[in-house]
Amino acid sequence: MDRKIKILLISITVIVESLTLKSWLVCKNFSDIFHFSSTHIALQLEDFVHTEKGTSILLTRLFNNKPIDNILYLSRLYLQFWDVRFGSNWFSFIGYFGIIMGVYYIIANKKRNVIHWLMLVILFILPWIEILISPSFSLLLKSLYLWVPFILFSLYGIYQFLSHGVFKRRLIIVCIILVISAWWLIFLNADMQRYCLQ
Amino acid sequence: MKNQLVILIVVVLLGFFLRFINVSNNPPGLYIDEASIGYNAYNLLTVGKDEYGRAYPLWFQSFGDYKLPVYIYSVVGTMAVLGKTELAVRLPSVIAGTATIAVIYFFLEKLIYLETDKKLQKRIKYLPLLASSLLAISSWHIHFSRGGFEVTVGTFFYLLGWYLFLSFKDKHRLISIIMCIISFLIALYTYDIFRFLSILAFLYIAFDLKIYKKKKSYYFVLPTLLLSLPMILFSLTTQGSERFESTSAFSQIAAVSVWQKILLYPLVYLNNYFSFFSLDFLFNFGDGIGRHQIPNFGELYLWQLPFFLAGIYFLCKQAKSKITFLTFFFFISTPIIAAIAVPSPHALRSLPLVIPSVIATSVGLIFFIQNLKKLRIMACTIIALIALYQFVFYLHFYYIHYPRVNELDWGAGYKQLVLTTDKYKGKYKHIIIDTNLAYAPIYFHFYDNSIPFTVVTPTWKKPKSWGNYSVLYLRPYYNYNGGDKLIDTIYLDNINHDIFAQLWTVK
């Protein structure tokens, strides 16, 4: 019985998560907040150095240099991808929740194997394609490597979540998040303009 | 234990210096709320009334936002010693910010002492020291401790209340629970979010101590209710809900029908609520409000991210421990009321989040290091070096960039405007100020209340009744060609020395 309920819930989750694509397919591309730009770095550095007029050259060099700025810039771009506000639009709330649970249960699993590690590595590497290469094809194509793997992983996470602890309690939690996700995707979809280039 | 206390003293001293050094000049200038707090405090000190002539009020009308009393009355104390200075306005915040570093240590020490899982107790014995050290260097906490922000004082009393509650749980001393109630009550009257958080804390304590089963509890419940009552009643009035009305997230959406409201309001609320846990807010860009942060800096240091996440993970793994419960209680409860308002996320309204964030990061660090079997010293050294670099990086931007880039967020220019006007005031019969220098009146009140002035619109023309009386006209820099004479210019302290305002003689 529990197994059937899990499968039913996972199926509903797939439907809800698919709703996210509806609003994204009108976008031409992701906005530039995800894309690495060396010009941006150069301009930012110039701005910082200009502001530091009168400061010793050593200090200016220590805190305003390309390696440091690149590291900070790249980590910022990468973090935007994992931000809950983007995630709630791109994977939906339930998808975001599933991904977090997936990561949690893989890390918490003492018998994790190569496949688990591989899943994690792929998951964490995929956003770099968009950040570093920024391919200029449609979002539908991009969704094949930036959406599908994450959705599959989130389903894994939700399955794991339902398979641990008190089933009924967890079932209620997943149902609530599912309702919120569907409600959200149908009626609000806030912040889309921040992430989507129309 | 003795060693830990010595280190704690060093940490608190470091925290104090980070919050105190050059606090009068950086942040660069008093922002309008600080000026208003200072002006009201000065009036209370000198004539016993607020700016509207009300004697020792409990609520300060100020700009119509009805400020709560604790911070203003504490500034009265500092002004009595230091006079009407920027330092006096900011010192209560500096002191409360520094004291919070010590309180978090004792709070965690007590929490660990009360922990029933002895294995966990042993593993996290250095948590209090680490958490207080991280709070001492927390950019989020330093920033708000250096401005005249009520929330810093509120956070201090709120955390103190929790510490005293734990003390009571430990030794059942009457004084602890009395002081605990007083601390939460002070927090309640300090800043808006504690109107909710303190009440929530009272409810939690009531259920935890099962006061409904003990008749003697009513000796505490009744005074607490009586002392909270003015705030509860005030919150129900139009003045008390003014701040809520003006910043309400719901007033921003064009929902007309009841159905639309039912459909949208919960979603807007959830959107705001989760934004406080957004990585973008916590680690990337903060809330984007210049007065709340250095541009391009998150509320927490980037190096903390892996340990923050690890800390959350380890706390989840210890789901039944007291430390997990209280950390998540702080995490979950803090944005509940802040999420009703916009903009969201908001670093000021969510400052108490710094407490669970610091605890989570410290737990993550401790467990990470303990789980390392080899290269422990090397890992510690690398982490310490990265943390140190980012901390110095922050200080560099705080002291070099921030005053130059964000001075307008802090009302810089206004002080200079008042001081320059003061030089000329004897030569003019009338002094008029353009409305575009919107906040000028409060700065004139704070810095020099003896200068009489009139506020006028940019289309103002000298009335004929003023005849040949000389007029000093203060206005922002714009292309003006009225045939008047420019007598002085106020420049900003930024790198381009932009013009902030000009003083003209009107013929």
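Two residues are taken to be in contact if their C-beta atoms, placed from the backbone, lie within 7 Å. The model is a predicted one. By that cut-off, 25 residues of chain A are in contact with 23 residues of chain B. On the side of chain A that touches chain B, the elements giving two or more residues are α2 (38–51), α3 (57–63), α4 (66–81), α5 (84–90), α6 (92–108) and α10 (167–187) of chain A. This side of chain A is made up of 14 nonpolar, six polar and five charged residues.

The interior comes next. In soluble globular proteins, nonpolar side chains tend to be buried together. Here the largest nonpolar core has 129 residues, and B:Ile104 and B:Leu159 have the most contacts inside it. The element that gives the most to this core is helix α4 (residues 86–114) of chain B, with 15 residues. Leaving aside residues up to four places away in sequence, B:Ile104 touches B:Leu159 as well as B:Ala131, B:Ser132, B:Leu135 and B:Ile355. Another core, of 26 residues, lies apart from the largest one and includes A:Phe81, A:Phe91, A:Tyr96 and A:Trp147.

Strand β3 (residues 471–476) of chain B pairs with strand β1 (residues 430–434) of chain B in the parallel sense, over four bridges. In this pairing, B:Leu474 of β3(B) stands opposite B:Ile433. With strand β5 (residues 499–506) of chain B, β3(B) pairs in the antiparallel sense, over six bridges. There, B:Gln502 in β5(B) stands opposite B:Arg475.

Conventions: Residues numbered from 1 in each chain as written. Chains lettered and ligands numbered in written order. Predicted model: local features only at pLDDT ≥ 70, side-chain atom pairs only at ≥ 80, totals over all residues. Nonpolar A, V, L, I, M, F, W, Y, C, P; charged D, E, K, R; others polar. Core = buried A, V, L, I, M, F, W, Y, C linked by C-beta atoms within 7 Å. Buried ≥ 20, exposed ≤ 12 C-beta atoms within 10 Å, placed from the backbone. Pairing = 2+ DSSP bridges.
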